[in-house]
Each structure stands twice: as C-alpha cells, then as structure tokens.
Amino acid sequence: MAFAVTAAQLNFGFKVAQQLIGWSELQRLWSAADADGEWQDAWLYDHFQPVNAAPDGSCLEAWTLLAALATQTARLRIGVLVTGNVYRHPAVLAHMLATVDHVSAGRVEFGFGAGWHAEECRRLGIPLPAPAERLARWDEACTVVHRLCTEDTVHFSGRYYQLEGAGLNPRPNTRPRFVLGASGPRALKVVARHADVWNVADGQVSTLRRGRDVLAEHCVDSGRDPAEITLSAQLHVAAGDLLAARFWTARLVAAGARHVVFSLPPEASPTLLRRLVTEVITPVRDEWHAKSRPDPSEVAP
C-alpha cells in the first residue's frame, strides 16, 4: 500500500543538541525563536555526553533543561527528539512529561525512541538490551505512558513493565502528541501502533520514501488510517550552505514530510534562525502552496 501524501499544514522546527553549548546561549536562541512566528517547535536531544565529539565535553541533561526552557518561552511547542526509553522507567518518564506539560501550559511534545548509544550506556553503566528486546520494551513503554496520560488508575502487566494502580496527578492538560523516531521495518510496527508523528532522524529522502510505504502497511495491519500519522524529518544544517538546506527541505516536503526539524550546530545564533526563515522556510512554503493550489482551468465554474 502506498502512503497517501496529503496537503496538510507544513510546519518547521529546530533542534540544537545541548552539547558544547551553555544555558545562556540556549536561552537566547529559544527566546528568539519564540518571538518569531515562523517557528512552530524547538527540540533538545537525549544524551549525557556529546555525540560525534569528545565524550568528556559538556552536555546538559534534556528533561530538566526542557523544563527550564519552558519558562523562557510562551508560544513554541517544545520537546526532546527523541527521548531514549533505555534511560528511564516509562512511569517515571510519564511523570516528567506531565510536569513539563504543566510548566509549559500544555506545549510539550513527546519525542520517544527505543535508545541506541552503546558507548554512552557502557560508560554510565546503563543496560542496553539487544535490538529486539529494546523494541519490545519501547512498545510496552508507549502503552504505559499513553495510559498514564489518559487514565486515572493504571494496572499494567507486561513482560518488562508492571504497574499496580499507578496514576498521574496532575495528568497533562491534554495527551501530548507521540513523536516517535524509528527507521527499520520492525520499529515501524511500533510507530504504526502508537505514533501521531513519525520522525526520520537521518534527513534522507530515500529513508522517508522507503519507510512511508512500510509504515502504511503496518498501519493497515494495526487498524489505523495512515493519514493519521504526520511524516516528519530532521535535516542537518550547515550555517554556510543554506542553499543546500533549501534544496533538501523541498525534496523532503515533496516526498511527504509535513514537519521539518532543522538540526543546527552548537554555534547556532538568532541570526541563523532568521536566515533559515527567509532563505529556506519562506521559499519552500511558497513553492509548496503554489503546487497545492488547484489549477484554475481545472476548477468547474
């Protein structure tokens, strides 16, 4: 089954991994984006040491930082792209999610994945199961978090997690959207069961195209309409090559992405955010609107 690409709203966000960057720089960046109506959301990552850099470099913890940044913004939707399930028990994570939801007045998005960073887990002494078990744990964790966010009292007896009369008080203002990050066929089965948004982390058009049809098949098997899941992609941006960013953003949108998150370098500035709006977001959105608009000659009088 081919994934039907709909003319839904086109949204843009940004992500700055909180490695090798301080609180004041992040505060300034998020505040600038919050004041700019073109940005819909802002994201952190979920690691405890720098990725693709010296592991002993600085790195702030994601969820405590997210709560702090929630107090510095008023409009942006905020989240962690993506939270690794291996790091926290899902019931504890649900409490964290609910807390940040209330701090942000309901602006939190729930980015969630199975976890993957073997070296980080080894250094910190965090167990990292084999991929099949990781996916099964993630599947159960999605159910646990969803039920805690929507039910007063939760009894759950899974293979990996058990709850006996658990609850959140207070629960989130509304159930946060589940933004699930995954790429493999087995992982996409979990996405089909639980996601509101499917996020592709590598920014590759081929990954998006290949995965969207696999996801559609899994949605049918799970009794869901594939159109219920928004396609999302992260795109790494080099500050000196926004022409490439514009080209690949347009390609991702043409392949079905309706949400694009620009992954920015630690030295990102409010100036870069504004340039992305004028040099990438605006022209891509204008082109997309033009293509989505019906041809007047084909509209019945």
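Modeller: Here is a short tour of the sheet, the helices and the cysteines.

Modeller: This is a predicted model: local features need pLDDT of at least 70, side-chain atom pairs count only at pLDDT 80 or more, and totals for chains, interfaces and linings use all residues. Residues are numbered from 1 along each chain as its sequence is written, and side-chain values use heavy atoms, with hydrogens and water left out.

Biologist: What is the strand order in the open sheet?

Modeller: The order is β3-β2-β1-β11-β10-β9-β8-β5-β4, nine strands with parallel pairing. Strands (E, at least two residues) and helices (H or I, at least four) are DSSP runs, numbered from the N terminus. Two strands pair if DSSP finds at least two bridges between them.

Biologist: Which strands stand at the edges?

Modeller: β3 (77-80) and β4 (83-84). Each has a single partner strand, so one side of each lacks a neighbour in the sheet.

Biologist: What does helix α8 touch on the sheet?

Modeller: Helix α8 (residues 242-254) touches β1 (11-16), β10 and β11 (259-264). Contact means heavy atoms within 4.5 Å. The direction of α8 makes about 165 degrees with that of β10. Axes are lines fitted to C-alpha atoms, for helices over the stretch in contact, and angles run from 0 to 180 degrees between N-to-C directions.

Biologist: And how many bridges join β5 to β8?

Modeller: Three, between β5 (residues 110-113) and β8 (residues 178-181). F112 stands opposite L180 in β8. L180 also stands opposite W198 in β9.

Biologist: How many bridges pair β9 with β10?

Modeller: Four, in the parallel sense. There, V200 has A233 in β10 as its bridge partner.

Biologist: Back to helices. How do α8 and α9 cross?

Modeller: Their axes come within 10 Å and cross at roughly 35 degrees. Helix α9 spans residues 270-292. Residues of α8 including L242 and V253 meet residues of α9, among them L272 and W288.

Biologist: New topic. How many disulfides are there?

Modeller: Zero, in a search of the whole structure. The cut-off is a pair of cysteine sulfur atoms within 2.5 Å.

Biologist: Is C219 buried or exposed?

Modeller: C219 is buried, at 0% relative accessibility. The sulfur of C219 is 14 Å from its closest cysteine sulfur, in C142, too far for a bond.

Notes
Buried < 20%, exposed > 50% of the residue type's maximum accessible area, 1.4 Å probe, protein only.
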